[in-house]
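Student: Hi! I'm new to this one, could you walk me through it?
Tutor: Happy to, let's look at it together.

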Amino acid sequence: MTAEHPLVAETIAAISTPPGEGAIALVRLSGADAIAVADRVFHGKQKPSVFGSHEQHLGEIRDGDRIIDQAVLSVHRAPHSYTGEDLVEISCHGGVLVTARVLESCLRCGARAARAGEFTERAFLNGKMDLTQAEAVMDLIRAQTDLALRSATEQLEGRLGAAISAIRDGLVDLLAQIEAAIDFPDEDLAPAQGEELRQRLAAVQAKIGDLLATAREGRILREGVRVVIYGATNAGKSSLLNRLLGYERTIVSEIPGTTRDTIEEVINLRGVPIRLLDTAGLRDTADELERAGIARTERSLERADLILHVIDGSAPCSPATVGRDSVEPETRELFLLNKSDLAEHADWRDTVALRISCVTDDGLNGLEEAILGRIGIQHLRPESSVAINARHRDCLLRAEEACARTAATLSENYSPEYAAVDLRTALEAVTDVVGAVSDDAILDSVFAQFCIGK
Ligand SMILES: Nc1nc2c(ncn2[C@@H]2O[C@H](COP(=O)(O)OP(=O)(O)OP(=O)(O)O)[C@@H](O)[C@H]2O)c(=O)[nH]1
Ligand SMILES: [Mg+2]
């Protein structure tokens, strides 16, 4: 591992807390010289090199003769540290300048600045965690709702890794049997044996399918659901955004064409992160700015998971009040007849739609239910916590394809060599999920998404 990744030997340093003022900030060092660097910058009763592992010691951080700060330092000796290497944590005062100076003196004394995600990357390279766990660290930091947090925690504990291991074991078993058949060419695959292999392969395929089925949940938990509020001018779109957010985020007025740009805010709907997009109302207009806004509205529809089509229910049904000619909702669309506090126009008498009011909040609970129902979020139970990300999905799709080829070879009684080649491809693809990844580009793309100091 170290031969492939010579940089691992270098000692890295970074400020691990967010920039800004705080009571405390944390500067971390990791690598073979981490403790030696600590010996140079830290001055207390004893040198860090004689500290017991994980003990906290008070002292001064100095740059030459100059005292920079009073700090608490702890040494975490390899392999019992986050990175698996010697790791030093310096808790200093949380001023922007103070922390920068502490980091600088570490850099002057032999460390180099860490890249984004490099501490976690080292934890992965040193076998402290698999790639799914490293990714879970990032999911955990970014989680915006309890459900997302719980899913990240489960992944960090290795639930996904365990599911992947089970699939790998199944594939390795199959491969062993098929290779045995290749090694003894006189003994053709007996029909019964072929049948058994097919069944075992089907079981593995089912497990891969189960994981792939969680991709949508995974995307929702990590990125949120894109819900676009859409409709004619003055229907009450911005009012609805404000009601769902719980504060007056956008300007509401009786002047048509108030909203000119798309406005995005995230809400937490019973654990599901929802990215709500308020858009410019649709109407024919000569105003160039407004037209540019309407073009943005159209574009946002292309990427919407769900469209909340707001209609003024107190006005007649016409292209001017609906925002378009058709009054047939499309599949991703929920019709909302707004302004139910006013008398409903007779045109809507037989229309099946949710009635809401952004003035009295009438119908808004029902709307929340309807949104969750429409995005099929019933699958997002707290206990169904494994939810794969886009990278896992790519790997598993490759595995799924290779398994399908294997199944075809087996059922057509082709030479077992073919089946073995495809099974090996499947095995490699599944292994890539947990990251026996030999491809540095993949590792770089995973860890570059982290913050510096993690
Ligand atoms: N009575 C009543 N008035 C409402 C309701 N919702 C919105 N309004 C009023 O309708 C007008 C338009 O509301 P907005 O939220 O600005 O409408 P919009 O769809 O964002 O309009 P544009 O940004 O111009 O496209 C305002 O005067 C609101 O106070 C409602 O439920 N009942
Ligand atoms: Mg508006």
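This is a predicted model: local features need pLDDT of at least 70, side-chain atom pairs count only at pLDDT 80 or more; totals for chains, interfaces and linings use all residues.

Student: Okay, which residues are closest to ligand 1?
Tutor: Gly236, Ser238, Ser239, Thr259 and Gly281 are the closest, out of 22 residues that surround ligand 1.

Student: And which helix gives the largest share of that shell?
Tutor: Helix H9, residues 237-245, with 3 residues.

Student: How do the shell residues divide into nonpolar, polar and charged?
Tutor: There are 6 nonpolar, 12 polar and 4 charged residues around ligand 1.

Student: Switching to strands: what's the order in the open sheet with 6 strands?
Tutor: Reading across, the order is E9-E10-E8-E11-E12-E13, and the pairing is mixed. Strand E9 (263-269) and strand E13 (354-355) each have a single partner strand, so one side of each is left without a neighbour in the sheet.

Student: In which sense do E11 and E12 pair?
Tutor: Parallel, over 6 bridges between E11 (residues 306-312) and E12 (residues 333-338). As an example, isoleucine 311 has leucine 337 in E12 as its bridge partner.

Student: Which strands does helix H10 lie across?
Tutor: H10, residues 288-302, lies across E8 (225-231), E10 (272-278) and E11, and runs at about 140° to E8.

Student: What about E1 and E2, how do those run?
Tutor: Strand E1 (residues 12-15) and strand E2 (residues 22-30) run antiparallel, joined by 4 bridges. Alanine 13 stands opposite leucine 29 there. The two strands form a hairpin with 6 residues between them, and glycine 20 in the turn has a positive phi of about 125°.

Student: Which residue in E6 stands opposite arginine 28?
Tutor: Glutamate 89 does. E2 and E6 (residues 87-94) pair in the antiparallel sense over 8 bridges.

Student: New topic: how many residues are in the largest nonpolar core?
Tutor: It has 107 residues, and Ala38 and Val430 have the most contacts inside it. In soluble globular proteins, nonpolar side chains tend to be buried together.

Student: What does valine 430 touch?
Tutor: Leaving out residues up to four places away in sequence, valine 430 touches Ile164, Ile167, Arg168, Leu171, Cys395 and Ala399.

Student: Last one: why is arginine 198 called partly exposed?
Tutor: Because arginine 198 has 15 other C-beta atoms within 10 Å, while a buried residue would need 20 or more and an exposed one 12 or fewer. Arginine 198 lies in helix H7, residues 191-212. Beyond its neighbours within four places in sequence, arginine 198 is in contact with Ala407, Leu410 and Ser411.

How values were computed. Residues are numbered from 1 along each chain as its sequence is written. Chains are lettered from A and ligands numbered from 1 in the order in which they are written. A residue is near a molecule or strand if its C-beta atom, placed from the backbone, lies within 6 Å of it. Ala, Val, Leu, Ile, Met, Phe, Trp, Tyr, Cys and Pro count as nonpolar, Asp, Glu, Lys and Arg as charged, and the others, Gly among them, as polar. Two strands pair if DSSP finds at least two bridges between them. Two residues are in contact if their C-beta atoms, placed from the backbone, lie within 7 Å. Axes are lines fitted to C-alpha atoms, for helices over the stretch in contact, and angles run from 0 to 180 degrees between N-to-C directions. A nonpolar core is a set of buried Ala, Val, Leu, Ile, Met, Phe, Trp, Tyr and Cys residues joined through C-beta atoms within 7 Å.
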